[in-house]
Structure formats: structure tokens, C-alpha cells
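Hello,

Here is the structure I promised to hand over. Please open it before you read on.

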Amino acid sequence: MSSTRNAAAVPPRAQGQQQRSSPTSVASPMNAGQQQQQQQRQQQPTKPKVTPPPRRSKSSSSSSKKHPEMVVDKRIVDELLLVCGVIGSTATAVDETTGQTTEKFVPVTDCLNWLQDLQRALRRDHETYRPISLLLGQWRIVSQKLLPLVMSCRYDKAMVLTVCKILVILTKPLSEDAKRAGRLTVDVKSKKVDDSVIQEQIVLRENAIAQSDLLMEYKRMFVRHSSHHYAFQNQKDKKNKTTDKSEGTGLLSVFTSLLAEPLSKMGSSRTSADHLTIELVLHLMRNLLSITPLNTFGSTEKAQHAAQLHREFLVLLEEEMVFDVLTCVGQEVERRENSGYNLLLMEILSCLLRGQDPTDVALSAVEPAAPVFETKVIASKKKSAKPSRTITTARASAVGTSSLKAHLQSERQKLQLSASSRHSHFGGTLRVSKGDGKQVYVSASDYLARKSQTGSGGGASAVGQPVRRKNKKAEVFVGSGKASTLHSRPGASASLSREIAGPTSKRAKAALNSFCEKFVAQCYGPVMKSLKNEFRRDSNRLEDGDRTLFFRIVWFFHQWFRVSRRNALEKKKKGAEEESSAQNLIFTMDVFMFNLVLNSTDEFFEHKKPAELAQTVSLYTEMIHMLHAMYESKDSTEHMMALGLMDRIFYAGEPLDRLPRLLSRWTPGMFSREYLCDLIECSHVTWKLLDVNAKKCLESFPSDKLSTKRPKDAVERMNLTASEFDKETYFSRKFVSNQIVFMYTQLLSQYAVNAAEINRHIVAYLIRLCKIEIKNGDGDEMEFDDALGKNELAAKTSTMEPMLYNIGLLTVLDTILNDKAIRDKNDFEALLVFAASFMKRFARASEENPMLYVEALFKHPIPHRFCELSTNVYVNEELRMIAVRDLLLEDQQRFEQAEGNDDERNEEEEHAVAYDDDEEDEIEFNDDAMAADEVKRRRLRSLRKRRKMNEKKSKSNKHAAGESDSDE
């Protein structure tokens, strides 16, 4: 960040001012140690060279191995000591009215010049190692000098602006090299790496972790500053204290007030200094929001502390009106003077929404619904009596004691998980005995999580055994394991329940929800149009990860809007007028956005970026949901836009649809459960949308009028194109394979964790697969089947249901049917009904074809062929041809015998009396005789055609065999 100071040269005060204020007068904990080191260095050259050098301690040896750029030069250290010492000092003052003593920071006369010198020194700091910043952090300059200076000189704009520049430099994000060094795993045990390399890696890693810890300390200073205590008071306390002098005088309000004058200027009236002020304050907010711990793999407490600090910062941003400032900037981002802030605003939004679940944020405005079993603590009238716990049920149990026992067991597990959240970060306190007699230390949260999964029928491993990834089949889903609220059952994840619980988390979600309402209503359209223009022209301002940040922001607002709209529709009365289905989110529902998202899926898959691919698929799922809402909207404009998008995505000559490709690319052991939930949800909404549109198109364009109908406008043309689309063929060719069935089976095995909607989507796909019929090839095969009539060898109507007769799905359904904990829950009703009916159909089919027990153990490369053969008990076309040939031969013999009898009968009639002409005509044109002759001719014709087809096949096979022999 460039400085606004006019004079670029340093004022000459090298020796005179050093004599005026010596470095020893600075109250710094590093002065005594530096003086000792200086004395030792001065004494070392006086010793003769014969004597050996003195032994160095471990600390000095480690410092000597540091990178040269990690050490601050002595002259710079002296200059920093001088600058930090003469900025000002703290003075105590006594209030005459209250008599309380308060501390106030008093700056020196030329404090601004000293601050500019400090800024100039920080600009010379190394980009990766930042030794000067670490040195100032050790001296606590920010907490003891800079922040008190801002509070005491809050109305001095030049002073506050200079301090803001210094804070922006101190809080800027870590470089990519530092991030890689902080996440580096040092291989100490193996001897493959040289010791010098290991020491270098350790030094780099410690330096990166020190920078990260210092940034977290800066964030804590801002959030928990003494002037911000009013922001974390209860609402009742705020109402009682109507005249709170501390409100509106916090530390962040000082920096926010710098934006009042620059933002009020429009057009050419805004100067470069105003632009610099706006960028400085926005960069400071971006830096504070982006601060996260670098490495928390070994410390749960550290991760929880960082998450709690971020939630408190969100509450503070609302109280200090920072959200209102962001809304004000977003409204005018399309103006020429504000167009340069769009990417910076995108980074702020990305950091603001980091770690937040849009469903939780949307549900924060709704009161939580009463669960099926409510636990109430009723205090007794007697003080000495203990509180009694009563359990009230919302509906009577049909099973009785087994249902009550299952509910009590699940409730007890939830209570144990919530009770363990306070001290779950103390790992190694639980010791579990294994089967071989050994004892293993495990953390309490892992133990309870595995215990809950085992009790719910999830098929978890035994308690105390470490979860090890043997291969992709053993561990199908990978990832952090964090489950979203939309795809998981309430209370399914212990970490999720802990995050939702506290009062600070609720206030942070409520603050974020109010900000989302304002942003979607006022800023979403301008901000998204500005950002889309940057991606459309491939601006040179874009960086590598900006597209993923943009996708996450759009995904967050889409899902938040969908959940909020669903909650609003549930509250709204039936007679009330419905609002627009998309509102301002329609700005991200165009062909360019779909092209950008779908092309990004191919790019991220080719470059092997699973996290970015998962985020892109999540956004595509939300866009398909929004497309379905626009299609069913009563607004004609939204409905027409939905028809145009559907025509381009599904019905065009070169459709944009990538869903079949995404399903075929899924492999076990590479993606998370959330990614698969998004894929299945997107597939379900896509099929639902195509079914509804096909039904409406058939109503408007009957099948007998498709050839004669001519479209009048674009809407009729799109409807006519949609009516010609064969969705059954589209489904059977694109969405039916052994790999897709295996994918659905694996997700169904997590039925105890999945949300009710996910389980219903899986059941809907399996039912659709059971009902889809396998179409025969051509008309000759139909005539061939008609020849058999009602014979047992005639072909039966085949569906794709035998494809589901595999050991994986049967095992999962057996587990579901034997799980007592879900028998009386309404969420699992559809799943249980399907499992019971499917197992009955499998038992009935296995009675007719016992080979299905063996077929269930194998995968079949051609599922359509296998389903047809298993349904017809392996009666193929050759067997039917042989049966038809035998039937035709029998009919031919009967026909020849009948002709011989007719000839004998005619010879006898020649000698008889002549008969009447009318009688002869009646015998010749008898309807029964004609029908029998027609059946015989048809059978003979089909037999001839079948023989010709077999001859052609045999010739082609011989020709292919000859070519293979010649190749050999």
C-alpha cells in the first residue's frame, strides 16, 4: 500500500535525535538482551585466536541456522527502537465527577513523522519471512502504542490514516510460500533426508507458524478490545442501559468513520486520496476477516478458539455498522468511481461467509421447531427435592416399548455428545481395551461419535480401533467429515451440534442473516453483474482462486435464499400473493453463468482439483433448483427465461448438460459424501423438471399433431422441441449403469446420517429404475414374439429391476429393515416401505429363477441384456427361434395333411351331384379358414425372415473370424 506522504526522503535526524531520546529509554523487553548480545560481540574480537570459541547455547545455535533474511539488521533494530520509543507515552488522568482513574495515550509533537518512518521500515520487510513484523509483535507495539494512539487521536484524520496503513501492512495475509512451509510435514524419522535440509524445513515451518500466531493475536486485539465490550452484552442489558456512552465509540468505528466523506463524493469530485482511504479501510477489514490459524491438525482447542473469534468478529461488524458500509459500497459498485472495488468486495464477502452454513444462517430467523421428544426439567415445590425429568411424546407409538427404548437411546446419545463438547479437546483421557488385550488412548469425541454410529446402525468399526484407510473400497467417502445441515439429519454430527449451540454463534448467524437480506435486496444485482463482466472479459486483475471464491459466494446466497423462501412460504397464508421466485438472484441465472459453471467442472476434473469441483457442483445444484422454481413461477418473464435455459441445457443440438458426465466420473475414495449428495439432488431435480415439462408439452402438442404443427413464436418452438425429446431413452442411456447403482448404494448405506430428502431422492431413483421398461429392437422381433402366442417361451415384459439384485444393495436394505431405531420415525417411512416391497419382489423372482442368488455376486457388463435374460429365465432369441420353427413345422404338416384330405374329398365330390354356386362361395370365403391361413402365412414369413437374419449373422461372424486370423 502506497503512502500519501508528500516528502519521500527521510528527515535527517540520525544523531541529534538519537541523543535526544536514547534507545534505552524505550520500555521494551528486548533492550536488555540486545545490549548483552552487543557487549558479547564487542568482547569476542579482543580474545586471542589460539583459544577455542566459547560454547553456544541451543538458542544461539538455532538462531545461527536461521535464514539470513529472517534476521533483522542491527541498524534497523536501533531505528525501530528509536521510532517506537518516541511515538508517545501513557498518562493517567482522574475524572473529577466520578473520581475514577483512566489511562490515556499522549502522542509527541511530531508523532506523525515517526509513524511514517515506521511505515517506511515495514515496507522494507521481507515478503515471505517478515522479520520486522515479528520483531514488532514481540515488542507489542500494536497493543501498547498504535491502538491506544488511535483511540486518543480518533479525530485526527492524518494520524488515524497513517496508523491504518501500518495495520494493513502488519495484518496482510501470509504469502503462498509461508503457507506451504507452515503445512509442511517434516520427515525426522527416516534417514533419507539430510539433516541440514531437515533443520532448514524446521526453521521455515516455525517462522510461518509464528507469523500465523501473530496474526491471530492481532485479530484478538481488535475483537476483544476494551472499547468493544458493549457489543457483546445481552439485549436485555442494552435495553436497560439506554444511555450507554461506550456505544458507537469502539475501535472499529474510528476506521469506519474514515469512509463517510469519500463515499459521499460522486464522479469526478472523488480524488485519488479518497480512493486511497476507501481501499485502506476495506483492505484492513479484508485482512482481519481472512486471518485463520495456519495449522490446527493437532489442536482442537486452537481451531475452536479461531472459530469462536470469527463469530465474535461478525457480531462486532454488525454493531460497528461495517455491514452497512459494505451494503453502501455494493449498491454503487457499477459506477465508474466504484468499479475498482468489486474484486476487493468479493474477497471480503468470501472471508465473511467462510465456515458458515447457509441453511443454518437462514434458519436462525426461524424459531426452532419442537422435536418429537421434548425434555423438560420441572422444578419441584420443595427446595430440597431434585428436579424431575418428564418426557412428552408428540404422537403415540404403535410398537410400544421397543419404540420408546429406541427413542430414549438416541436421546441419551445426544445428551452425551452435548455434555462432552465442553472438554472434548482433552485428548488421550480415555483408554479402551482392544480384543488382543492391548489398550489404546482415544479422544472422547471420537469415542462417542463411533458409539453413536454403532448404535444407529451405521455399520461403524469397533470402538477403540483406529480408522485406517486400506483402499478405496474400504473407505468410499473422503474429506473433512463435516456435514452440512441441508444434507444431514439433525444431531447427526457432534461438531455440528456444538457449532449451533452457543449464544455467540446464534447472534453471529442472526447478524449474518440480516446482512444477507439487505445484500440480496439491494446489492446482489450490481455486484454480480460487475463480477461477471470481469470473468467475461478475462480481466488481468483476476487471480487463480477468484473463480472458486465467486462460485462459493453465489452458492451461499442461492441456498440461503431457497431455504429462507421455503420458510417464508410455510408461514404465509394461502390467499396471500406470492413474490417473485428468483428476485435479484436472476442476475446469476443466464447462459453465460451456466457455461462458466459447467466448463469449470471439466477444467477442475482434468486438473485434479476435487475441492474446487465439489464447490462448482454445489453451485450447479442450486442453480438447477432455482431453474425449477423459475419454471413453476407465475411470473411470465421468469417462466419464459426458464424455458430458454432448459432449451439450451437439455434440448439443443449440442446441450450444455454435464450431469451424466459428472455421474460417470465419480469413483470411490476420491470425493466426499457432500459431493455425492449434491450430485444426487441435482439429478433428482433435473428428472423432475424434465417430467413436468414433458407432461405440459404433450398436453399442448398431442402426438398425432406433432408433424403438422408449426410454431408461431419462440415459446412454441421451444415447447415443440421439448415434446420431441425422449426422456425415457435419455434416462436409460445416460443414468443407468452398474457404477451409478453402486454410487447410490454407497450413499444409501449412510441412511442414518443422510437427511430425509436425500434418502427420498435415492428411493425415487431406485423406483424409477424398477419401472423403466426395456424396449425391443425392431418390428421383426415383435412378429417373432407374436408367433409364440401364449407359449411359456414367449418374451416377457422386462424392466431394469434385476439390475438392483446385487449383494451390496441387498445388504444395505437388510440392515435398514433390521434397524429398530428407525421403525417408528416418519422420515424413514418411504425408505422402509420400499425396502420391504423390494425384498418381496426379489424373493418372488428368485423362486422363479434361483440363479439370481448367484447373479447377485457379480457385476454384469451389459445390464440391459442381463435384465432381459434374467426376467425370461435365460430364454434367448435362439431358443425362441427353435420353438417357433418346431411350431411352424407342426403347422405345415397339419396343413399338408389337410390339403391331402381336401384333394380326396374333391375327387369324391366330382362323382356326386352338382352343388349350388352360392353354397360354393360360402365354403370358399369362410372367415375362420381365412384367419387360420393368415396365421400360418405370418408364421412362415417370420420364420423365413429369421432364417435370413441368422444366415447374415453367420456370414458376418465367419468374415470377422477370417479377418482376426489374417491379423494374427
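This is a predicted model: local features need pLDDT of at least 70, side-chain atom pairs count only at pLDDT 80 or more; totals for chains, interfaces and linings use all residues.

Residues are numbered from 1 along each chain as its sequence is written, and side-chain values use heavy atoms, without hydrogens or water.

Salt bridges. The count is 33 (a side-chain nitrogen of Lys or Arg within 4 Å of a carboxyl oxygen of Asp or Glu). Arg220 pairs with Glu217, with the closest N and O atoms 2.5 Å apart. The two sit three residues apart in helix H10, about one helical turn (helices are DSSP runs of H or I, at least four residues, numbered from the N terminus). Arg220 is partly exposed at 29% relative accessibility (buried is under 20% relative accessible area, exposed over 50%, partly exposed in between, with a 1.4 Å probe and protein chains only). Glu217 is also partly exposed, at 31%.

Asp691 and Lys727 form another salt bridge, at 3.4 Å, N to O. That pair links distant parts of the chain: Asp691 is in helix H28, Lys727 in helix H30, 36 residues apart.

Loop. His225 lies between helices H10 and H11. His225 is buried, at 15%. Beyond four places in sequence, His225 touches Leu147, Met151, Arg220 and Leu251 (contact means heavy atoms within 4.5 Å).

Helix H5. This helix covers residues 111–123. Ten of its 13 residues are buried, among them Trp114 and Arg120.

Regards

Methods. The expected span of a helix is 1.5 Å times one less than its number of residues.
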